[in-house]
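Colleague: I am new to this model. Please show it to me, and then I will ask about it piece by piece.

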Amino acid sequence: MQFQKKYIPLLLGVAIAAGIFIGGTLDFNDTSNRLFTSNSKKDKLNRLIDYIDYDYVDDINTDSIVDVTVNGILENLDPHSVYIPREDMQRVTEELRGNFVGIGVSFYTYKDTIAVIRPIANGPSARAGIKSGDRILMANKDTLYGDRLKDGEIIKKLKGPLDSKVNLKVYRRGAPQLLNFTVKRGKIPLKSVDAHYMLADKLGYIKINKFAETTYAEFKKGLAALMSKGAEAIVLDLRGNPGGRLDITEKIVDEFLEDDKLILFTKNKTGEVEKIMATEKGDFENGHVYVLIDENSASASEIVAGALQDNDKGTIVGRRSYGKGLVQREMDLGDGSAVRLTVSRYYTPTGRSIQRPYGKGNEAYHEDYYKRIASGELTDGDKIEVADSLKFTTPKGKVVYGGGGIIPDVFVPVDKSMQNETLRYLKRRGVIGYFVFEALEKDRSRFEAYQRQEFIDAFEVDDDMVLEFQDYLNVRIGSKITFVAYHEEVKQYIKATLADQLFGNGALQEVLNQRDIMLDEVLVLHQASTIE
């Protein structure tokens, strides 16, 4: 008896330790016959990392090795299962959430200083008195000028907790001394609706650049405004939209589809099917919708186009979409990083998958755009390859195809200016923005008399300004760039950038839309439908 009492604490300690060890190895999704077996694949990776950590001759950052390993594993799955490192999580989360906490300015790192392009309307900086053209020199005691500062470092110094305050020291041209502002940080929207306005009589226009948490609310606000102005048809511009949140996408489709219409269905690894149906909530079920898509419209954008096309609702206009029919779920990896893992495929209401094949590897998959150029399908809709085995029929008898994107009802070729390398280079480098900012700095008073809509409708960029831009390029880039054949397109880009820096709030998109061959096609279709 004495022996048993003496060793009871020891035996209990051993039992508890064993329980902790076993519990730490359990996956409660495992079946009972797997709980007490070792996983040699996991053990192999853990042992290799431990060997490198403790025995390798040089000091190695094993975190980077793990990142490479995770990426290597995901590359062998599909092109859309991706790893999000810890340092990128905040940015990625903010993009899908649709807002961040900050001071509310758009800025350039101009030369070696933060130059305010425009404070966000009704945002923290605008309320504090910050103006376009101001240079922010200091935030609290941190210096924000100098050649070594990068945009990422500047943003970190301007961001902070919600409702926290930051003291800014600002240079303003014409002011006798530096100005001091105290700005209370707030939630700054990352707008996903670029513009909404009346395109023509009874025809409204809404452009969505992604599907984030705030997109549906933005969309509803824009739709309500257009309906109040008499819109009986809507142009939903999804060109270049890479997708986003599935739940938000479903809500937007629901605005157009009648009750109990199938929006899409998903199928997972076990064959389980989940159907998403339209509800009674739609506000535009009786109106016509034109959906604009192109080769960069992907994922959620394709769900919208596919759901409407398969339900014989509206008209899909443009070029064949990207071709992504996989659904990802974000999963936390425990150290601040995450993986977005493909967990199911989605299908349009007729049952078609629009996912492009990816069996030849990720590199070949992502170079599909260049194959489309080479095949000529961006300029000739008859050259889009379809497979009869992937033919489906809508309730009204329209033939649609699966196997790689949504094929539009009305094809519109790519604008030749979009394929011009010089214009693409200018947009990619952002030099038009810098040029416009400097032009405004020289004389902002020239534009003070303009109201937003007056500027969009009436202002014209003259030839002298284009020549100034030409000279500016030669000095800034140090090489001769000419765009004689695209003189009018350059004028349009300059005007659009001026509108954006002066007014924001969708002005850039309105100006760009004034010379848009896809919208020209929609206007023809709309006019024909009203005559009928």
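Modeller: Accessible areas here come from the Shrake-Rupley method with a 1.4 Å probe, and for residues only the protein chains shown count as cover. The model is predicted: local features need pLDDT of at least 70 and side-chain atom pairs count only at pLDDT 80 or more, while totals for chains, interfaces and linings use all residues. Residues are numbered from 1 along each chain as its sequence is written, and side-chain values use heavy atoms, with hydrogens and water left out.

Colleague: What percentage of the 532 residues count as buried?

Modeller: Buried means under 20% relative accessible area, exposed means over 50%, and partly exposed lies in between (1.4 Å probe, protein chains only). Among the 532 residues, the buried part is 42%.

Colleague: Of the contacts with a separation of 6 or more, what share comes from residues 24 or more positions apart?

Modeller: A contact means heavy atoms within 4.5 Å. Taking contacts with a separation of 6 or more, residues 24 or more positions apart account for 68%.

Colleague: Is V400 buried or exposed?

Modeller: V400 lies in strand 20, residues 399-401. Leaving out residues up to four places away in sequence, V400 touches several others, including Q309, D310, R352 and L390. Because its relative accessible area is 4%, V400 is buried.

Colleague: Which residue meets R352 in a salt bridge?

Modeller: Side chains of opposite charge can pair when their charged atoms come close. A salt bridge is a side-chain nitrogen of Lys or Arg within 4 Å of a carboxyl oxygen of Asp or Glu. For R352 the N to O distance is 2.6 Å, and the partner is D310.

Colleague: How many residues apart are R352 and D310?

Modeller: R352 is in the loop between strand 18 and helix 10 (362-366), whereas D310 is in helix 9, residues 300-310. R352 counts as buried because its relative accessibility is 1%, and D310 is buried at 1% too. The pair links distant parts of the chain, 42 residues apart.

Colleague: What is the N to O distance in the salt bridge of R172 and D134?

Modeller: Both R172 and D134 are buried. Their side chains meet in a salt bridge with an N to O distance of 2.8 Å.

Colleague: Which residues form the nonpolar patch on the surface?

Modeller: Patches are made of residues with over 30% relative accessible area and no salt bridge; like charges are joined within 9 Å, nonpolar side chains (Val, Leu, Ile, Met, Phe, Trp, Tyr) within 5 Å. I73 is found in helix 3 and counts as partly exposed because its relative accessibility is 45%. With about 250 Å² of accessible area together, the members are L45, I73 and L77.

Colleague: Which residues form the negative surface patch?

Modeller: Asp and Glu count as negative and Lys and Arg as positive, with His and the chain ends not counted; the place of a charge is NZ of Lys, CZ of Arg, CG of Asp or CD of Glu. D335, one of the patch members, is in the loop between strand 17 (326-332) and strand 18 (338-347). D335 is partly exposed because its relative accessible area is 40%. The patch is formed by D50, D53, D63, D332 and D335.

How values were computed
Helix = DSSP H or I, 4+ residues; strand = E, 2+ residues; numbered from the N terminus.
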